[in-house]
Amino acid sequence: MADFLAAYSIQNWLESCPQGYLEDTEFGHTPGESEPEEMLANEVLRQEAVRSTVQLVVGERCALAASSGLINAAPDEGSKRFLATQTLDEARHVEVFTQRLLDLGVRKNDLESVISAHANPNLVKFAEVLLEKVDKKDFIAGVVGQNIVLEGMAFSVFEMMHALNQAMNPKFAHTLAGTIADERRHIGFGENRIGSLIKEHPERKADVEQMQKEMSYYMLATFADAFRNNPAEAEFEKIEQRLQAKGIHAKYNGVDLTSMAPEQMEAVLADTVLKEFKTRLGRIGIEYQSPQRP
Amino acid sequence: MHRASPPVAEDVHELDETAFLEHVHSFEFWFQSVEGYLSGRTFGHRPETADGSPVGAERARLIGVLCNYCVGETAALEGASGLIAIAPNHMAKIFLATQVADEGRHLEVLLHRISDLGVADPEAEVARRASRSLLLFKHRLLELVSSKDWEAAIFAQNVILEALEFAVFQSHARAADPITQEVLTGIVKDERRHIGFGENELGRRLKAAPHIRPRLAQVKKELDHLVFDALAETIQDLGMDASERDRLARAYLGSVERLGFTP
């Protein structure tokens with residue numbers, strides 16, 4: 001275990017993250033980049049960007065609470081130190097996505113009320129299931145919930161958003177690229193560290209599987225809320241038509257998002273995340289539980 | 001590690017109070033702060049720094065001292081991470097997240113230094129040589145965090161513990177071998193930022209709610225003897241004389257006095 005944890009040292013983190021892919025960035029993007037004028041001028045698109053960014057802030061606040069809360073539950077010093085870097089990564093994500101809300105025109109004094117108003121109730125439930133485990137200092141369930149379920153979901157969502165924004169909004173795409181790199185590291189730790197703990201504590205499997213099933217349901221419900229009856233759908237269609245006319249495509253997992261209906265995109269995202277859960281949970285000896293479909 | 005300038009005033013002291021606090025508690029500020037003294041360092045020191053590590057009994061004493069620094073840093077890591085859950089606002093949570101990474105780094109560089117000095121299992125060595133007074137301090141600090149007493153916990157963590165570490169590490173660095181000196185100097189720079197947060201946070205709260213002062217005075221009274229015991233043990237292990245102990249005790253008390261807590 002010591003050798004594997006050496007790869008997750010703070011020294012490695014310093015070299016790969018602050019001195020690596022975050023070098024020369026400002027709030028996660030290239031200095032001077034801004035949100036596209038077209039979006040800021042279109043109230044429907046701007047509101048939709050605010051709503052979707054709020055979900056990112058809510059998810060990252062949960063990740064910050066979970067990773068910091070797990071430090072005191074970690075059974076070894078190496079895991080505590082890795083979680084210290086993850087805590088700072090998550091705080092950075094909270095900061096960059098909060099900054100995006102300000103860039104989108106949310107006033108500082110209104111931040112908390114805007115977040116409360118737009119936070120998806122299913123995402124809040126998703127966070128509550130995880131944080132209940134963290135509060136109980138349940139390291140195994142906490143790391144599976146945080147580093148495999150939450151981070152796995154975030155990774156796929158960020159990748160899809162990155163694909164959609166690469167051509168339209170380079171600033172946001174750059175911010176997402178840094179967070180994707182962080183999430184990849186967090187997922188790797190979760191898989192590596194928990195596999196051995198599950199072997200030592202097979203009696204914990206049932207509880208962890210139940211948590212995965214519950215969190216997965218709330219995740220799917222959040223996706224459903226985001227994609228179905230989206231008020232900005234007509235505006236998105238116009239943008240997609242323009243991109244297609246220019247020969248620009250948003251490739252994600254082998255499909256072109258610019259030619260898909262929202263329900264199809266929801267299905268692609270849900271299938272991608274659930275397939276990843278199944279693979280990753282299988283690697284650590286947990287049997288994936290199919291959630292109910294909202 | 002070059003960082004771009006943040007979109008705020010060049011001189012942070014020109015900012016109004018709210019903007020200033022937002023800036024100095026941000027990840028972006030942390031990034032700029034550590035850039036100068038962590039860039040090009042491996043486990044807290046420059047790779048080319050000459051190894052003038054002590055030998056024999058002096059080396060054994062240094063290992064013992066570093067082990068107890070690890071106990072203090074573990075307390076700081078667990079304390080700071082627990083404080084995130086009870087922080088009163090998101091600005092404080094983000095600052096504490098930077099502190100968590102700092103404390104984790106301190107622990108890592110100190111364990112690495114112990115390993116460099118020839119200890120095969122540094123974590124076991126720390127457990128074997130941990131000072132009772134520091135362990136009691138850690139226990140009490142984590143109790144304050146668990147009880148969700150923000151003011152008392154931040155006082156114990158970011159004023160008392162950080163001030164103790166600041167005074168001891170700064171003094172030790174002056175007389176240490178080159179590698180230990182660089183490791184400690186880097187840690188001291190972080191501690192200065194942590195103490196600043198604690199003093200600022202508590203200073204404002206004490207001004208707005210003076211009735212919390214007796215509660216904090218009681219925490220100080222309770223922890224002072226553990227701090228002085230830990231100081232005495234460290235001074236002895238480092239082979240320093242009694243005058244240095246008194247000087248360090250005064251330095252520690254000076255930090256606490258800035259908040260109006262007299263001995």
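The points below describe the two chains of this predicted model, their contact and a few single residues.

1. Basis of the note. The model is predicted, so that local features are given only at pLDDT of at least 70 and side-chain atom pairs only at pLDDT 80 or more, whereas totals for chains, interfaces and linings use all residues. Residues are numbered from 1 along each chain as its sequence is written, and chains are lettered from A and ligands numbered from 1 in the order in which they are written.

2. Chain A, overall. Chain A holds twelve helices and two strands, where helices (H or I, at least four residues) and strands (E, at least two) are DSSP runs numbered from the N terminus. Along the sequence the elements follow the pattern α-α-α-α-α-α-α-α-α-α-α-β-β-α. The radius of gyration of chain A is 19 Å, which agrees with the value near 19 Å for a compact globule of 294 residues; this radius is taken over C-alpha atoms, and the globule rule is 2.2 Å times the number of residues to the power 0.38. The C-alpha trace of chain A spans about 55 × 40 × 40 Å along its principal axes.

3. Burial and contacts in chain A. Of the 294 residues of chain A, 45% count as buried, a residue being buried if 20 or more other C-beta atoms lie within 10 Å of its own, exposed if 12 or fewer, and partly exposed in between, with C-beta atoms placed from the backbone. Among the contacts in chain A with a separation of 6 or more, 81% are accounted for by residues 24 or more positions apart; two residues are in contact if their C-beta atoms, placed from the backbone, lie within 7 Å.

4. Chain B, overall. Chain B has ten helices and zero strands. Its radius of gyration is 18 Å, close to the 18 Å given by the globule rule for 263 residues, so chain B is as compact as a globular protein of that length. The C-alpha trace of chain B spans about 55 × 45 × 30 Å along its principal axes, and 44% of its 263 residues count as buried. Of the contacts in chain B between residues at least 6 apart in sequence, 77% join residues at least 24 apart.

5. The contact of the two chains. On the side of chain A, 29 residues are in contact with 31 residues of chain B. The elements of chain A that give two or more residues to this side are α2 (10-21), α4 (43-71) and α5 (77-103), and the largest share, eleven residues, comes from α5(A). By residue class, this side of chain A divides into twelve nonpolar, nine polar and eight charged residues, where Ala, Val, Leu, Ile, Met, Phe, Trp, Tyr, Cys and Pro count as nonpolar, Asp, Glu, Lys and Arg as charged, and the others, Gly among them, as polar.

6. A helix pair in chain B. Helix α3 (residues 56-86) and helix α5 (residues 122-129) of chain B pack at an angle of about 90 degrees, with their axes 9 Å apart. The axes are lines fitted to C-alpha atoms, for helices over the stretch in contact, and angles run from 0 to 180 degrees between N-to-C directions. The helices α3(B) and α5(B) are therefore roughly perpendicular to each other, because angles of 65 to 115 degrees count as roughly perpendicular. Ile63(B), Gly64(B), Cys67(B), Asn68(B), Cys70(B) and Val71(B) make the contact from α3(B), and Glu125(B), Val126(B) and Arg129(B) from α5(B). These residues divide into five nonpolar, two polar and two charged.

7. The nonpolar core. The largest nonpolar core has 145 residues, and those with the most contacts inside it are Ala156(B) and Ile160(B); such a core is a set of buried Ala, Val, Leu, Ile, Met, Phe, Trp, Tyr and Cys residues joined through C-beta atoms within 7 Å. Its largest share, 17 residues, comes from helix α8 (residues 139-165) of chain A. Leaving aside residues up to four places away in sequence, Ala156(B) touches Leu141(B), Leu144(B), Leu161(B), Val219(B) and Leu223(B).

8. Two backbone angles to check. Asp24(A), in the loop between α2 and α3 (37-41) of chain A, has a positive phi of about 65 degrees although it is not a glycine, and Asp24(A) is exposed, with 11 other C-beta atoms within 10 Å. Phe27(A), found in the loop between α2 and α3 of chain A, has a positive phi near 50 degrees, but Phe27(A) is buried, with 25 other C-beta atoms within 10 Å.

Notes. Angles under 35 degrees count as roughly parallel, over 145 as roughly antiparallel, 65 to 115 as roughly perpendicular and the rest as oblique.
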